[in-house]
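Trainee: Could we go through this model together, taking its fold, its side-chain contacts and its interior in turn?

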Amino acid sequence: DPDGTLRWWNRLYEETTSNSSPDQYVDALAIDHTNGRLIVLARAHGNNVVNLWSGNNIAANPDARGFQNRFTGNSGNIHISWLGAFDLSSGNLLNATYIAEYPNSTRGLGNPHPDPKLSHWPNPNGGWPNVNTTRCRNQISVGIDGSVGVVCTGRRPITTSDAYQPMYTFEQGESKWSDFARVYTPDLASVRYSTLLTNPWDGSDPNGPNAVSLQGMLVELDAITVAGFQDRGKSSDSVLTNASAWLSDLPAADNTGILARFLTEAAPPPSRLFHDGFERR
């Protein structure tokens with residue numbers, strides 16, 4: 001509380017007699033002021049005993065569903081990420097989703113995703129597909145409506161149909177390690193927008209380096225802005241288009257800064273905005 005007294009604390013996983021393996025980490029925190037929540041970005045290394053909370057088994061919110069409810073597959077020695085939303089007053093977990101992208105190839109895929117923006121991908125909550133290491137930067141952006149944005153690195157990240165740079169699906173070609181930006185709906189059940197931002201590559205040869213490192217994001221109601229840098233030594237190919245007149249599409253040197261804004265599907269405005277002590281609807 002404001003006086004420094006402990007208000008609450010919570011684990012990110014079930015405590016059992018066999019803890020603690022896999023090992024879990026908290027990578028970032030952010031406050032969702034609109035909805036009175038604490039957003040937690042966490043990570044687990046391994047899957048052999050107890051993992052992070054599932055998105056569809058939450059005591060305080062039995063109807064909750066995550067975009068990716070649980071760990072799947074049988075790959076153990078990997079780092080997978082997770083988002084959780086906790087009530088700021090009580091500490092109760094309200095919503096959760098894993099951020100664990102597909103490997104280059106996998107098996108046990110489910111049916112196509114029911115969301116039209118994601119129907120070109122299998123539903124991560126169907127089947128039992130292998131997932132791969134997915135690590136996110138130590139930063140969360142929360143939009144005014146409660147949408148949650150992260151920037152991460154994965155091998156075959158799921159991208160939306162309106163992505164600036166889509167990932168190859170399993171039928172289209174080979175994937176490579178890529179940085180991506182993603183915005184989840186406030187309930188962490190759906191993805192508003194997800195895009196790669198990396199140097200181009202040929203789907204028949206996925207072994208080229210990832211020359212772009214995304215470092216942060218700002219979420220707006222109808223757009224996102226990302227910041228990072230490109231290593232010219234790994235690739236001098238253009239990753240941006242429509243650059244401002246005073247900029248170049250091509251990196252000038254190693255660690256050339258990147259600032260990009262992507263228009264997204266507009267999120268519904270929040271029902272309540274608080275300003276100077278007055279409630280506005």
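This is a predicted model: local features need pLDDT of at least 70, side-chain atom pairs count only at pLDDT 80 or more; totals for chains, interfaces and linings use all residues.

Mentor: Residues are numbered from 1 along each chain as its sequence is written, and side-chain values use heavy atoms, with hydrogens and water left out.

Trainee: How many helices and strands does the protein have?

Mentor: Helices (H or I, at least four residues) and strands (E, at least two) are taken as DSSP runs and numbered from the N terminus. Read along the sequence, the pattern is β-β-β-β-β-β-β-β-β-β-β-β-β-β. The count is therefore zero helices and 14 strands.

Trainee: What share of the 281 residues in the protein is buried?

Mentor: A residue is buried under 20% relative accessible area, exposed over 50% and partly exposed in between, with a 1.4 Å probe and protein chains only. Of the 281 residues in the protein, the buried share is 50%.

Trainee: Which strands hold cysteine 136 and cysteine 152?

Mentor: The structure holds one disulfide, the term being used for a pair of cysteine sulfur atoms within 2.5 Å, and in the pair of cysteine 136 and cysteine 152 the sulfur atoms are 2.2 Å apart. The bond ties together parts that are 16 residues apart in sequence, because cysteine 136 and cysteine 152 lie, respectively, in strands β5 and β7.

Trainee: Is the disulfide of cysteine 136 and cysteine 152 right-handed or left-handed?

Mentor: Both ends are buried, cysteine 136 at 9% relative accessibility and cysteine 152 with a relative accessible area of 0%. The torsion about the S-S bond of cysteine 136 and cysteine 152 is about 85°, so the disulfide is right-handed.

Trainee: Are the rings of tyrosine 102 and phenylalanine 170 stacked or edge-to-face?

Mentor: Rings of Phe, Tyr and Trp (its six-membered ring) pair if their centres lie within 6.5 Å, and planes under 30 degrees apart count as stacked, over 60 as edge-to-face and the rest as tilted. Among the nine aromatic pairs in the structure, tyrosine 102 and phenylalanine 170 have ring centres 5.5 Å apart and planes at 65°, so this pair is edge-to-face.

Trainee: Which residues line the largest cavity?

Mentor: On a 1 Å grid over the protein atoms alone, a cavity is a set of points where a 1.4 Å probe fits but cannot get out, and lining residues have an atom within 4 Å of a point. About 30 Å³ of space lies in the largest cavity, the volume being the space filled by probe spheres set on the points, which are joined across faces, edges and corners. Its lining consists of Gln68, Ala100, Glu101, Tyr102, Pro124 and Ile158.

Trainee: What phi does leucine 188 have?

Mentor: Leucine 188 lies in the loop between β8 and β9 (191-196), and at 0% relative accessibility it counts as buried. Although leucine 188 is not a glycine, its phi is positive, at about 60°.

Methods: On a 1 Å grid over the protein atoms alone, a cavity is a set of points where a 1.4 Å probe fits but cannot get out, and a pocket is an open set with protein on both sides within 12 Å along at least five of seven lines; lining residues have an atom within 4 Å of a point.
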